[in-house]
2 protein chains.
Amino acid sequence: MVENLAVEQEAGASRRARGDRGGAAARRAARSGGGPGAQQAFIHRKIRPYEVLDEEGLALIEANADQVLEEIGIEFRDDAEALQLWREAGAEVKGERVHFPKGLCRSLLKSAPSVFTQHARNPERSVEIGGDATVFAPVYGPPFVRDLDGKRRYATIEDFRNFVKLAYLAPSIHHSGGTVCEPVDVPVNKRHLDMILAHMTLSDKPFMGSVTAPERAQDTVEMCKILFGAEFVDNNTVVINLINANSPMVFDETMLGAAKVYARNNQATIITPFILAGAMSPVTVAGTLTQVLAEVLAGAAFTQLVRPGAPVVFGTFASSISMQSGAPTFGTPEPSLVSYGAAQLARRLGLPFRTGGSLCASKVPDAQAAYESANTLNATLLAGTNFVLHSAGWLEGGLASCYEKFVMDVDQLGMAQKLATGVDLSENGQALDAIREVGPGSHYLGCAHTQANFQTAFYRSSIADNNSFEQWQAEGEKTAPQRANGLARRWLDSYEAPGLDQGIADGLNDFVAKKKESMPDAFT
Amino acid sequence: MVENLAVEQEAGASRRARGDRGGAAARRAARSGGGPGAQQAFIHRKIRPYEVLDEEGLALIEANADQVLEEIGIEFRDDAEALQLWREAGAEVKGERVHFPKGLCRSLLKSAPSVFTQHARNPERSVEIGGDATVFAPVYGPPFVRDLDGKRRYATIEDFRNFVKLAYLAPSIHHSGGTVCEPVDVPVNKRHLDMILAHMTLSDKPFMGSVTAPERAQDTVEMCKILFGAEFVDNNTVVINLINANSPMVFDETMLGAAKVYARNNQATIITPFILAGAMSPVTVAGTLTQVLAEVLAGAAFTQLVRPGAPVVFGTFASSISMQSGAPTFGTPEPSLVSYGAAQLARRLGLPFRTGGSLCASKVPDAQAAYESANTLNATLLAGTNFVLHSAGWLEGGLASCYEKFVMDVDQLGMAQKLATGVDLSENGQALDAIREVGPGSHYLGCAHTQANFQTAFYRSSIADNNSFEQWQAEGEKTAPQRANGLARRWLDSYEAPGLDQGIADGLNDFVAKKKESMPDAFT
């Protein structure tokens, strides 16, 4: 049988078998259903991680990182307290440069948990971070949006709330994230209050805190105490926070200040060297891994100096720069290799791992965006990543949050979640009875086993058009982003806020109102 | 440092560091360069394959496949010679159904090579199939094309020649493939002659033969004898051929006839169960793997009955059907799991493996096409696939060959080829001197190590636009397929045929002319 003909024949046979009316009814149902489907719990991966480095390679990179830490050292800038903590821990401090005796950081990190729970206000939405768990969180940081009218413009607090709503609704997004876009219409010193309030009230999934100043981190903690109760917050992790290194080999005052607030309060930090290889790290994968490991060892160990046992995640943001233009590139082979390698290093260190997402450099949700995002997401999942930021909505190297791409990425996350369940080897999975029942030359469309497994056998895409060319043409020749546009609008229309105790809601609103009154507006 | 801001700052710093004139000159050079770049030899993977099944799972599926072979059996239809060969080999034949005693097929397959060379007329383009080698071949089979004017129409012999030229020019396509599209303007009984002639004269890469009738397979072999010499063909593999099972559990007269011709002539066959799971196999991954293994064991062992030692490849075409519409779906999780698992089964059997490619159901080269293709290609590469059909140009579930997607996919193949080189752990790769030279708080853009590795450090995409939004806007807001359109046109403009001995060319043309004269035109 010639391959293309088989496709035609079988598709035709199947349509006939089901009858036209059934097909049309299914299509109508799919069209009228506005909601995104049932929420899925975070992932427990049943597939093993993919490894690009062998024992020898891993040991080499670890030895090199130790050498970097001891010989070159890491700078902790404008933070006398940090330097004092390092002196007391036995490091050699020269000016702002900290040199680490071999093994010091690893030894300090023994108090950090390899898996922890981040609690959500809805206990069903609490997530594990570490081990075989994978948690998908949305895009983080863009000052622009690409909106549902196809316009690229500065993001507003309304956009922010929309992306929180979309993440709340998305079946395979397990986390509300943090700066899903930068609401530039809100004064810069008050933004974090509106952002945290949105996560707390519009969603019941776990979320991220502010890291742009230590006092904003403290506001985040105070609001968490209103939402969860003060004692609960001190004993449990309820917020996770992105602490980026100023690679190469620098932690700055802002990031250290936020890290201290969160660690002191037993809240989680993600220590992430933000790497555009060739600019912030060497142009080679092994060189980049060495520097990443050194930076994470120093930054993560620092959190344990502040409060032993505070949850901390080994983060890696891996990109390369275009050697022609200097612009960052995504979805290319080198960042994938960095992600796979860094995940291995994190597992050996016993820390949860963060990398990847659905990253791309494209300005529009086109084929470039999708190739790059899929390449990144495949590596992210197979690396065995525990916390995945930027898993939906990222466009333009992180400069824009895109509504259409958000729902297209969500569809891909559902596929990743299904892939992670691995191969079902139960008797039903083996399907020997089905093979017996059908036999040579027949087909499986109507057999008992197919009917029994019909609903869950295959992942159902919410975006893909798998119909015939003629059907697709008759329905208006829509591209994937056009279908995504309709889906995003329907999801937002269907949104209903999760219930929240009125006393808590009032407490949060009062806190935000008073804080805002206490400060003049600042726009820089 | 906040993630998005870092991207902005660093990109700006880099542009400044290089100077505006340098950037503009690089862009002009990139625009004026029409050719696709240097040819790359086939891949020797330096990364390990990814495995979804453990020893227990593999043994279970192998035991189940043995049970299918013995208890249910496989039908060899309308081919008395095949049934006689099986009887003589010790199988139990009831009607057209062959039942295989446990271990018979595996025992017969001991004569099949685990790696073989397919020779090209240009020895530099010869490829290895098996082991750590991966060979990318273009799309196979579509009766339609999506042309460079965006029109979807029946394919012609001119399209066929264009795709052969594009595959010849593409740096990371190692093989000319077979039916790169179906030239429906040529009578059906003469098509194979024009197709083989195009592969032999317009390209110097290895190619595939006709399988649509035993006499057409024989014509392919005769033309190979003209191109390579009769003795060389008898002693070496110069053509590889796609033999699909009529799943479930049937081989038909046409496929068996072609397989016999090729095996008898020591040429390679790819025994491929063509699976749309849910229709041609059970809806479960383990059930599908069981049936695939049983079918391949029977079909591949058959080639060894015809001529022990004839090269044979374990093929798997994995797709699922949409349970709503019955249409085939691609890039979804279940076919990826089938590919990973089947690759493991093939390695245990000691046979080269074929699966995957850049498969998609989309009607246009949009985000759906790219997500699906990237998902398929990632699984194909990491599975450790040896021969990859459909690696570029496939659209619409294989009903259309698309020029724009062809060059977009080629770019992705280049990335896959780079990924397969793994992590360089040499002293240069470790880059400790670079980390020392740069130190904390500086950047790597101008350091000696970066300069020395500038050209080869990162994969350079021919399609991706990584420029700023403003630059992209100023250049006309082109999408990836629009850029691909320009690239395909420039490649075709730059095409020059590889040299061919005039006597051989005359011999091939004479053969084709005489064959055509000997038959009336047939269009069905």
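These are my notes on two places in chain A of a predicted model: helix α4, and the crossing of helices α11 and α12.

**Entry 1: helix α4**

I looked up α4(A), which spans residues 80-89. I first asked which of the residues of α4(A) are buried. They are A82(A), L83(A), L85(A) and W86(A). These four span an arc of only 160 degrees around the axis, so they sit on the same side of α4(A). I noted the general rule alongside: an α-helix has 3.6 residues a turn, so residues three or four places apart point the same way. On the other side of α4(A) I found A80(A) and E88(A) exposed.

Next I asked what the buried residues of α4(A) pack against. The list holds the strands β2 (74-76), β3 (92-94) and β4 (97-99). It also holds the helices α5 (104-108), α10 (253-264) and α11 (285-306) of chain A.

**Entry 2: the ends of α4**

I checked the N-terminal end of α4(A) and found D79(A) capping it. A side-chain oxygen of D79(A) lies 3.2 Å from the backbone nitrogen of E81(A). After α4(A) comes G90(A), with a positive phi near 105 degrees.

**Entry 3: α11 against α12**

I then turned to α11(A), which the buried residues of α4(A) also pack against. Its partner here is α12(A), residues 333-349. Their axes come within 10 Å and cross at roughly 40 degrees. The two helices are therefore oblique to each other. I recorded the crossing of α11(A) and α12(A) as right-handed. From α11(A), the contact is made by V285(A), T288(A), L289(A), L293(A) and L297(A). From α12(A), I listed E334(A), L337(A), V338(A), G341(A), A342(A), L345(A) and L349(A).

Definitions and conventions: Residues are numbered from 1 along each chain as its sequence is written. Chains are lettered from A and ligands numbered from 1 in the order in which they are written. This is a predicted model: local features need pLDDT of at least 70, side-chain atom pairs count only at pLDDT 80 or more; totals for chains, interfaces and linings use all residues. Side-chain values use heavy atoms; hydrogens and water are left out. Buried means under 20% relative accessible area, exposed over 50%, partly exposed in between (1.4 Å probe, protein chains only). The arc is that of the directions from the helix axis to the C-beta atoms. Contact means heavy atoms within 4.5 Å. A polar contact is a pair of N or O atoms within 3.5 Å; within protein, one must be able to donate a hydrogen and the other to accept it, and residues adjacent in sequence count only if both atoms are side-chain atoms. Axes are lines fitted to C-alpha atoms, for helices over the stretch in contact, and angles run from 0 to 180 degrees between N-to-C directions. Angles under 35 degrees count as roughly parallel, over 145 as roughly antiparallel, 65 to 115 as roughly perpendicular and the rest as oblique. A crossing is left-handed if the near helix is turned anticlockwise from the far one by less than a right angle, and right-handed if clockwise.
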